[in-house]
Amino acid sequence: MSTLAFILLYGVSYGLVLCLIALGMLITMGLMRVVNLAHGAFAAIGGYLSATLIAHAGMPFPLAICSAVVAVAVLSLAVERLVYVYLYTASELDQVLVTIGLDFIVVAALALFFGPDVLPTRLPESLAGSVDLGFRTFEVYRIVVTIVCIAVIGALWLGFERTTIGAQVRAAVDNKSMTQAMGINVPRLFSLTFALGCGLAALGGAMGAPMLPLEPMWPFKYLILILVIVALSGSGNIRASVGVAMIVGIVETAGRYFFPQFAAFFIYLLLIALMIWRRDGLFARRRTA
Amino acid sequence: MSPLPRSSILSRHRFNLAEPLWWGLALGVIILFPEYLAVGTSVLVMVLFVLSYDLLLGFAGVLSLGHTVFFGIGAYAAGLLALAGWTEAVTGVLAAGAISAVLAAALGPFLLRLRGLPLIMITLSVGLVFFEAASKATWLTGGDDGLSGIELAPLFGRFGWGMYGHTKYLYALGWLFFLFYLTRRIVASPFGVALQGIRENDARMRLMGNPVLPHLVVAYVISAAIAGIAGALLTQTNSFVGLGVMGLDNSIDVLIMLVLGGVGRLFGGFIGAPVYMLVKHFASLWGPYYWMFMIGALLIVVVRVGRGGLLGIIERVTDRLTGRGVNR
Amino acid sequence: MSEFALEARGLNKTFGALLVTHDVSLSLAPGARRALIGPNGAGKTTLVGLLSGVIRPNSGTVSLFGVDVTARGAAQRTKRGLVRTFQISSLFPKLSVLENVFLAVSEQAGNSFNLWRAAGRQRILIKRAESIIEKLRLTEDMHRCVSEIAYGRQRLVEIAIALALKPKVLLLDEPAAGIPSGEVGLLLEAIASLPRDIAILMIEHDMEMVRNFASEITVLVQGRLLMTGSPKEVLASPEVQSVYLGSAGRPRRKVGVAGA
C-alpha cells in the first residue's frame with residue numbers, strides 16, 4: 001500500500017512539473033501553430049539560471065526561481081522577434097530545422113558555460129527534509145512543487161478559458177488578419193503569449209531541477225516526453241494535458257521502481273501506444289464547414 | 001512532343017555534368033589524399049545514408065526523425081552475420097539491407113498513415129525504443145562496447161582489405177555508384193513522379209485515383225534498404241559497430257546533412273555530407289561542443305536563405321554564369 | 001430502365017450535432033447536364049464530398065453505374081470514372097502545367113507503379129497531356145509553374161486534370177469561382193466542349209453560367225433537396241425565389257412591406 005502511495009505521489013509531482021512545461025509548449029506550439037522543438041531549451045536555461053543565482057549570487061530559493069522565469073521570458077521576447085516570426089508562415093520542415101538549430105546552439109552554450117556534467121541542485125534547508133504523512137514519509141519539496149504546479153495550472157486555465165485575452169489569442173491564431181482588423185495588436189499578442197509559454201517552461205525547469213537533473217543535453221533528453229503530452233492534449237485542452245501528464249509521470253515512476261533496467265522502454269512504448277490510440281487528438285485542425 | 005525543360009521533374013533521366021565531376025573527384029582522392037582514405041570511406045557511407053533519406057524526405061515528403069533505425073539495423077546485422085561466419089562482404093551487405101527493408105515493410109503501413117508532427121513524434125519514439133533495445137541487449141549488440149573483431153573474406157575472393165584502405169574506399173564507392181543510379185532511375189520513373197505528386201498534394205493524388213499509402217510504403221522500404229546497406233558498409237569498413245549507429249544524433253545528423261546540401265535533388269548528400277563532416281571535424285578541434293554551435297547557426301542560416309541548400313546556391317551561381325535561369 | 005451514371009439515395013451527414021445533409025437523393029443519367037444551386041451554407045460542398053468519397057455519410061448510398069460505391073474511398077471512385085474539381089484550386093503549385101496534367105494522365109493509365117522506365121520518355125502519355133492542354137488553350141503556359149499563371153487559367157488546369165482522368169461522371173465545384181469576368185468565356189467554352197456522354201453535376205452561383213450550361217437544376221437548401229426541374233421551372237418557382245433569391249427578387253411595387 002505504501003509503495004502504491006509512493007509511486008502515486010512521486011509520479012504525480014513528476015507529472016505535474018512535466019505538465020507545466022508541456023502547457024508552456026502547448027501555448028507556443030498549439031496556439032501559435034509552430035512546431036517548436038526548442039521549447040526544452042528555454043526550460044533548461046531557466047533551470048541553469050536559477051541554480052546559478054542560488055549558488056553564486058546567494059539568492060533565496062523562491063526569488064531565484066522568479067528571477068530566472070522573468071529573465072527567460074524577456075529573452076524569449078527577443079528570440080521571438082528575431083527567429084520565430086519567420087516560422088509562423090514557414091513549412092513544418094523549416095520549423096523543425098530552425099528549432100533544432102536553436103536547440104543545438106543552446107546545448108552548446110550550456111556545455112561551454114557550465115561544463116558537460118550534471119549540475120547538482122541545492123535545496124534550501126526549509127524544503128530539504130521529509131514530512132510524515134501517516135502512511136509514508138514524503139519529501140517536502142515534492143509536496144511544495146505539487147501545490148505550486150496545481151496553483152499555476154489552475155490560474156492558466158482560468159486565464160485562458162475565462163478571460164478575453166484567451167479568446168483573443170485563439171481568435172488571432174484562427175484568423176490573424178481578421179483579428180488585426182478588429183484593432184487587436186496581433187504581433188504584440190503573439191510576443192506576450194510566447195513569453196508566457198517560455199516563462200512556464202523556465203518555471204518547470206527551475207522548480208523541477210531536482211527531479212529533472214540539469215545537464216547540457218536537457219532540451220533533447222526530455223523533448224519526446226513533453227512533445228507527446230502536448231500532442232495528446234488535443235487542441236489546447238488543459239484538462240487533457242494534466243491527465244496525460246499524470247499517466248506519463250506515474251508510468252515512468254512505476255517503471256523505474258519496478259523495472260529499473262527497462263524503465264525507458266515502458267515510457268516509449270506507452271507513448272507509442274498513446275499516440276496510436278489518440279491519433280485524432282493530435283492537432284486536429286478545426287475544420288470550418 | 002515538345003522539348004521538356006531541364007528543371008522538369010520529367011527530365012530527371014537526363015545527363016547531368018555534375019555527376020561525372022563528382023565521381024572523378026571521388027576517384028581523385030585516392031591519388032591526391034591517400035592518407036585520408038579511411039575518413040573518405042566514412043564520408044561515402046554517410047553520402048549513401050543521406051541519399052536514402054533524400055528519397056524519403058525530398059521526394060516522398062515524409063519527415064521521419066527515426067531513420068537511423070534502419071541504418072543501425074543494417075549495421076548490426078552485417079556485424080552479427082560476419083561474426084557468425086558469413087564473411088562474404090557483398091551478400092552480407094545485401095542481407096543486411098534486406099532485413100532493414102523487411103522492418104520497413106512491417107512498420108510502414110502503420111506509420112505512413114500519419115503526416116507532419118504526429119509522424120515526427122512517432123518516428124522519434126520508435127528511434128528511441130530501438131536505441132534502448134540495442135543498449136540493453138548487450139548479449140546481441142555488445143551494449144556500450146559494441147561488436148568488434150569483425151573480419152571479412154577478401155572481396156570477390158581476390159582483394160584483401162589491407163591496411164591502406166584502398167579496397168574499402170573503392171568498395172564503398174562502388175556501392176554508392178550503383179545505388180545512386182538505381183535511385184536516380186526510380187526517381188525519374190512514373191513512380192517517382194507520382195511520389196513527388198504525393199509530396200506536393202496528397203489529397204489531390206487521391207482524387208486522381210492514387211491510393212497514396214502503397215506508394216509511400218514502397219518508397220519507405222527502398223529508403224530503408226539503402227540506409228541498411230549504408231549501415232552495413234560502415235560496419236564492414238570499420239570492422240566495428242557501436243551504439244552510435246542507433247542514436248538520435250545520427251537521425252538528426254542525416255537530416256542536417258540533407259538540408260545543408262539541398263533537399264529533393266538526390267545530389268544533396270553528395271555536398272552536404274562532406275561539408276557537414278568537415279565542419280564537425282574542424283570545429284571539434286576548438287573544443288567538444290563548438291561544432292554544435294556552428295551547426296545550429298548554420299542550420300538557421302540555411303533555412304532563412306532558402307531551402308535549396310548549398311546545391312541551390314551552386315545552381316544559382318552556375319545559372320548566372322551560363323546565362324540560364326528560365327523555369328528555375 | 002437505363003442505368004444511372006450516378007445515383008445517391010437518402011444521404012445523411014451530421015458533423016457533431018449539426019445536420020448538414022438531410023435525406024438527399026440524386027440521380028444523373030449519362031450525358032446529364034445538371035446544375036446544383038442553393039444559398040451559402042446549404043451544404044453543397046459537403047454533398048460533393050459525399051458523392052466523391054471524401055466524406056463518409058451517416059446513412060444512405062452512392063452508386064456508380066449501378067455499382068454501390070458507398071464503402072469505397074475517393075481513389076477507388078475516381079478509378080471507376082467519378083472525377084471532381086475543386087472550388088479552391090487544388091493543384092500542384094510548384095509543378096508546371098504539363099507536369100500537373102501528366103500526373104493525372106499517368107495515374108489514369110495505371111502507370112504510376114512503373115519504377116523502371118523514365119517518365120520523360122513516355123511519349124504517348126506526354127502527348128496525351130499536351131493534347132488536353134492544347135484543347136483548353138493553355139499551350140503557352142505548358143511549362144510554367146501553376147502558381148505563376150493567371151487564376152482563371154489555373155481553373156482551366158483543374159478541368160484539364162479532370163479530363164485527363166477520362167471521367168464518366170464529372171462533379172464541378174464552382175468552376176468559375178474567383179475567375180475575373182473577362183476570363184469566364186474560356187471556361188464556358190471548355191465546359192461546352194466536354195464529351196456529350198459524360199454526366200456532369202455543376203455547383204455554381206453564377207446564374208449566367210447555369211443558364212448556359214444546365215438542362216436541369218437541383219436546388220439545395222439547408223441540407224435538403226428543395227426541388228429538381230428544368231431551368232425554366234426552377235427559376236420561375238416562387239419557393240425557390242423566396243428561399244434562394246430572397247425578397248430582392250420580388251417586384252419593387254410592394255413598398256411598405258417589412259419596413260423595407
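## Chain B against chain A

In this predicted model, 29 residues of chain B are in contact with 35 residues of chain A. Three helices of chain B give two or more residues each to its side of this contact: α5 (116-136), α11 (248-261) and α13 (290-305). The top contributor is α5(B), with 13 residues.

By class, the side of chain B that touches chain A holds 22 nonpolar residues, three polar and four charged.

## Chain B against chain C

Chain B also meets chain C. Here 29 residues of chain B are in contact with 36 residues of chain C. The elements of chain B that supply two or more residues to this side are α7 (166-188), α8 (190-200) and α9 (202-206). Of these, α8(B) gives the most, with six residues.

The side of chain B that touches chain C has 15 nonpolar residues. Ten polar and four charged residues make up the rest of the class count.

## The sheet in chain C

Chain C carries an open sheet of four strands. Their order is β2-β1-β4-β5, and the pairing is antiparallel. Strands β2 (18-28) and β5 (67-68) of chain C stand at the edges. Each has a single partner strand, so one side of each is left without a neighbour in the sheet.

Strand β1 (residues 6-15) of chain C runs antiparallel to β2(C), and seven bridges join the two. In this pair of strands, L6(C) stands opposite L28(C) of β2(C).

Definitions and conventions
Residues numbered from 1 in each chain as written. Chains lettered and ligands numbered in written order. Predicted model: local features only at pLDDT ≥ 70, side-chain atom pairs only at ≥ 80, totals over all residues. Pairing = 2+ DSSP bridges. Contact = placed C-beta atoms within 7 Å. Nonpolar A, V, L, I, M, F, W, Y, C, P; charged D, E, K, R; others polar.
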